[in-house]
Amino acid sequence: MEKSATRIDWIGNSCRLLKATAAEFERTRPFEGLSIGTGIHLEPKTVALLVTLRAGGARLVCTGNLNSTQPSTVEFLRSQGITVFATQTTDPAAHHQSLEAVIAEKPDLLLDNGGDLFAIAAEKPYANLRGGTEETTSGRTRLLPLRERLNMPILVINDSPIKQFAENRHAVGQSLFESYLRFTNRSTNGKRVTVFGYGACGKGTAACFRNAFSTVSVVDIDPVTTLEAHLDGFVTPLRDAAIRSADIIVTVTGFAAIVTAADLPLVKDGAILMNGGHFPHEINVEAFRRHPDVVGIDRYEADHIETFHLSDGRSFHLLGGGHMANLAGPRPLGNTVESMDLGFTLQARCLERIARGEAGAQSCLVPVPSDIDALVANAYLDLTR
């Protein structure tokens with residue numbers, strides 16, 4: 001018998017590790033009587049994580065991140081009785097209201113992505129908050145100055161070696177490369193690509209473009225990391241030269257103001273700019289819009305591409321408004337299912353650890369415990385052998 005199925009069904013059935021974890025949680029109920037507040041991209045792979053947490057007894061209160069909330073995902077979650085405060089928006093003020101709404105519910109645990117929820121909780125503390133997880137390097141950097149005020153276990157998923165190689169190096173690199181193709185329908189053969197940042201995400205991005213017959217330059221502020229890129233076979237020019245030569249510029253650093261209006265004189269005619277970092281501030285888009293040398297902007301609305309025309313006749317193109325390119329655009333697919341299955345199982349296991357009271361305040365903004373890494377790695381390998 002035939003039946004109609006959705007992308008959410010496809011993703012859910014593909015997340016084999018989360019399905020196995022959910023089956024276990026239905027027996028062990030680690031979140032019985034607890035609520036979990038989440039602020040993470042609301043797309044189909046997130047549904048698989050949230051369903052797993054609910055199988056463990058959690059009451060869920062959810063919102064998303066800027067520009068990445070998919071309305072069909074919100075509709076599905078609400079149809080399952082899950083509380084969602086989220087709309088698809090690029091307005092920071094509207095997004096902040098959704099975050100405030102989650103914290104107003106006083107969840108016992110937080111699953112954060114970029115430090116948004118924990119930053120509000122530091123300003124508006126409440127007694128029953130036990131701790132939680134932070135997904136990103138950007139969030140860890142943001143929350144470190146608040147560590148003494150938070151004073152609770154917060155396990156940083158991005159500091160897991162599994163997250164670093166499975167998601168950041170392999171999946172982010174692959175999905176940013178795929179997103180360039182999806183946005184532009186242009187080739188990579190013979191293109192000069194400059195990648196800003198040579199952390200795990202930068203390594204994967206640089207490798208994917210090189211494997212697609214591009215000439216890849218890497219820029220990083222750390223000379224040791226730059227040396228690594230050089231020995232890995234990438235061109236490592238000085239910053240200005242790297243911008244001047246680039247047909248494609250990709251930012252994956254986790255920091256703000258990587259490409260700014262001051263760089264406009266350097267940008268090559270026809271260059272394409274895209275961001276892979278969590279926050280939409282690595283490329284200073286608003287400064288581009290206000291710059292007196294920008295004399296016109298063409299917006300290809302359906303394709304989420306903007307072309308900026310400069311007074312000297314040059315033009316350059318921006319993908320996805322400077323938001324995370326692999327979760328922007330007309331078909332935002334994000335990272336691969338397998339990588340998120342691993343990363344989200346790390347999330348579930350870390351939240352389980354905190355819910356059981358097995359992590360104290362000394363675990364504030366620390367990496368995933370090594371025994372959880374080993375548990376998740378073994379479980380994944382058992383499924384694939």
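Mentor: The model is predicted, so local features need pLDDT of at least 70 and side-chain atom pairs pLDDT 80 or more, whereas totals for chains, interfaces and linings use all residues. Residues are numbered from 1 along each chain as its sequence is written, and side-chain values use heavy atoms, without hydrogens or water.

Trainee: At what angle do H14 and H15 pack?

Mentor: Axes are lines fitted to C-alpha atoms, for helices over the stretch in contact, and angles run from 0 to 180 degrees between N-to-C directions. Helices (H or I, at least four residues) and strands (E, at least two) are DSSP runs, numbered from the N terminus. Here H14 and helix H15 (residues 370-384) pack at about 135°, and their axes are 10 Å apart. On the H14 side the contact (heavy atoms within 4.5 Å) is made by Glu338, Leu342, Thr345, Leu346, Arg349, Cys350 and Arg353, and H15 supplies Asp371, Ile372, Asp373, Leu375, Val376 and Tyr380. These residues divide into 7 nonpolar, 1 polar and 5 charged. Ala, Val, Leu, Ile, Met, Phe, Trp, Tyr, Cys and Pro count as nonpolar, Asp, Glu, Lys and Arg as charged, and the others, Gly among them, as polar.

Trainee: How far apart are the axes of H9 and H14?

Mentor: The axes of helix H9 (residues 161-184) and helix H14 (residues 337-355) are 9 Å apart, with a packing angle of about 150°. That angle makes H9 roughly antiparallel to H14. From H9, Ile162, Lys163, Ala166, Glu167 and Ala171 meet Ser339, Met340, Leu342, Gly343 and Leu346 of H14. The contact of H9 with H14 has 6 nonpolar, 2 polar and 2 charged residues.

Trainee: Which residues make the contact of H9 and H10?

Mentor: The geometry comes first. The axes of H9 and H10 come within 7 Å and cross at roughly 45°, and the two helices are therefore oblique to each other. H9 contributes Gln164, Asn168, Arg169, Val172, Gly173, Gln174, Leu176, Phe177 and Tyr180, while H10 contributes Ala200, Cys201, Lys203, Gly204, Thr205, Cys208 and Phe209. By class, that contact has 8 nonpolar, 6 polar and 2 charged residues.

Trainee: What volume has the largest pocket?

Mentor: On a 1 Å grid over the protein atoms alone, a pocket is an open set of points with protein on both sides within 12 Å along at least five of seven lines; in a cavity a 1.4 Å probe fits but cannot get out; lining residues have an atom within 4 Å of a point. Points are joined across faces, edges and corners, and a volume is the space filled by probe spheres set on them. The largest pocket has about 970 Å³. Its lining numbers 47 residues, with Thr137, Cys201, Val252, Thr253 and Gly254 nearest the centre. Among the elements giving two or more residues are H9, helix H10 (200-211) and H14, and H9 provides the largest share, 5 residues. The lining divides into 18 nonpolar, 21 polar and 8 charged.

Trainee: How many cavities of 30 Å³ or more does the search of the whole structure find?

Mentor: The search finds 1. The largest cavity has a volume of about 40 Å³ and is lined by Thr63, Gly64, Asn65, Thr69, Ala86, Thr87, Thr89, His95 and Ser98. That lining has 1 nonpolar, 8 polar and no charged residues.

Note on methods:
Parallel < 35°, antiparallel > 145°, perpendicular 65-115°, else oblique.
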